[in-house]
Amino acid sequence: MANNILEMKNITKEFFGNVVLKGVNLEIQKGEVHILAGENGAGKSTLMKILSGAYKLDSGEIILNNEKLEHLTPISALKKGISVIYQEFNLIPYLSIFENIFLGKEYKKGLKIDTKREIQEAQILMKKVGLEVKATTLVHELSVAQKQLVEIVKAISNEVKILVLDEPTASITDKETKLLFSIIKDLKKENIGIIYISHRMDEFFEIGDRCTVMRDGSYIGTVNICDTNEAEITKMLVGRDVEFQRLHNEVVDYSKKVLTVKNLFYKKLLKDINFDLYKGEILGFAGLVGSGRTEIAKCIISDYKKTSGEIFFNDEEMSSRLDKNIENGIVYLSEDRKDEGLILMHNIVENINLPNLKQVANPFINTIMMSKKSKQYVKDLNIKGGSINQNVVNLSGGNQQKVVIAKWLYSNASIYIFDEPTRGIDVGAREEIYNIMYNLITEGASIILISSDLVEIQKMSDRILVMKEGQISSIIKNSDSLTQEQIMESAL
């Protein structure tokens, strides 16, 4: 098409005989936000790494502004105006903002770097995206949202033609998301083609113009956002209909308390927290980012040392030792799976078995049992990784999350604390994780579910504990008549 700024035609890629992209097509028009959607492992990241020059394609062609691009490298892709902002930012934390922006393309004054000019230019670019800090600020001092804006400034400083945003709202607040969307709309006016990767369906309709869906490494189709709906896109994503009905829990027993938190205080972040968790219950924790939800979870497991208060597990006061609480059957699935949930450079077998070594040692570690157990969890949880010996760093986000879940399922715990379990995970993998949670409660476990996704909270929770500024604002009995507005009113 005449209006296309980018065409990727019949892109094919395989790794060690495993075909991960099978003739994929993608067309981006000038000044459009093009949603790239697909389940975890569908091939989205591989396709974008080919576009950025990080991977070489096996066959197919890439055409930018009617020019065929061959032998792309990360440097040549940047020079052509292709910038990718990944979920894990590509910034140097102990350099300043302006140094990160101009790294590799410094302004020179004779033989020296023209620092004064770089600071001035950086400040102009930062103002354009609403980043209101000094250009000399070190990157490690910035919030996640501010780091994202630095990445955008880096991109537009390169005279960007194609901007790829990978899960840009996964770790920022609603207010910061609105700012990001405003910046995206301004970039559209400059005829920049934007590829927007997200699993949040509401964002498709708020910011997108068209949507291309991938599944299992194949191109499924492209639709105009104004001509489609959530049900149609969901069916394209997973190849089946997915229903978003509320879970009706038949196994919760409100006569049996498994966890009691009394008068919990933690520094200045938690104030007088009181609640109970019942056998077979899913207790949802809602609230804005920074309201204290994760701090409660970490105090319960004794990762954080409470300032005062009491926590009882099955009527006995809990240990102040994290390892002891894990042994007793209380486990925490961190929202930060890469830093706190996994050892990325170890394989699936090692990650699943690491917290469960006592079960595979008698007295020496039984590697055959480790492999057998791992294979069973890979099968049961539908973990797509090619081999149990694959390092988890090479898995998609959804499959990494399933490995975290597998290691704690192996522990056969009594209480599972899921902290943002489906952040950055596609709709199909979400349903699989919801099914795992339901199976856990039917087998007698109890769950605390911390989530910023109110649809998820409403779908899965029996009761909803709403946090506001380190305090419990309300505890609401979930029902079909409960609305997101009611939950948000309590949070605000």
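**View A. Glutamine 390 and its contacts.** Leaving aside neighbours within four places in sequence, glutamine 390 is in contact (heavy atoms within 4.5 Å) with His346, Asn347, Ile348, Gly385 and Leu395. This is a predicted model, where local features need pLDDT of at least 70 and side-chain atom pairs count only at pLDDT 80 or more, while totals for chains, interfaces and linings use all residues. Residues are numbered from 1 along each chain as its sequence is written, and side-chain values use heavy atoms, with hydrogens and water left out. You'll find glutamine 390 in the loop between helices α13 (367–380) and α14 (397–410). Glutamine 390 and histidine 346 sit 44 residues apart in sequence, yet their C-alphas are 8.0 Å apart in space. With a relative accessible area of 27%, glutamine 390 counts as partly exposed; buried means under 20%, exposed over 50%, and partly exposed in between, using a 1.4 Å probe and protein chains only.

**View B. Helix α5, largely enclosed by the rest of the structure.** Helices here are DSSP runs of H or I with at least four residues, and strands are runs of E with at least two, numbered from the N terminus. Helix α5 (residues 144–156) reaches 19 Å from its first C-alpha to its last, close to the 18 Å expected at 1.5 Å a residue (that is, 1.5 Å times one less than the number of residues). Ten of its 13 residues are buried, so α5 is largely enclosed. Among those buried are Ala145, Leu149, Glu151 and Lys154. The cover over the buried residues includes strands β6 (82–85) and β9 (162–166), along with helices α3 (97–101), α4 (115–128) and α6 (174–189).

**View C. An open sheet of four strands.** Follow the order β14-β13-β16-β17, with antiparallel pairing. The edges belong to β14 (270–279) and β17 (316–317), each with a single partner strand, so one side of each has no neighbour in the sheet. Strands count as paired if DSSP finds at least two bridges between them. Two bridges join β16 (residues 308–313) to β17, and these strands run antiparallel. Look for phenylalanine 312 standing opposite glutamate 317 in β17.

**View D. The largest cavity.** The whole structure has one cavity of 30 Å³ or more. Its lining is made up of Ser45, Met48, Lys49, Val84, Tyr86, Asp166 and Ile197. Helix α1 (residues 44–51) gives the most to this lining, with three residues.

Methods. On a 1 Å grid over the protein atoms alone, a cavity is a set of points where a 1.4 Å probe fits but cannot get out, and a pocket is an open set with protein on both sides within 12 Å along at least five of seven lines; lining residues have an atom within 4 Å of a point. Grid points are joined across faces, edges and corners, and a volume is the space filled by probe spheres set on the points.
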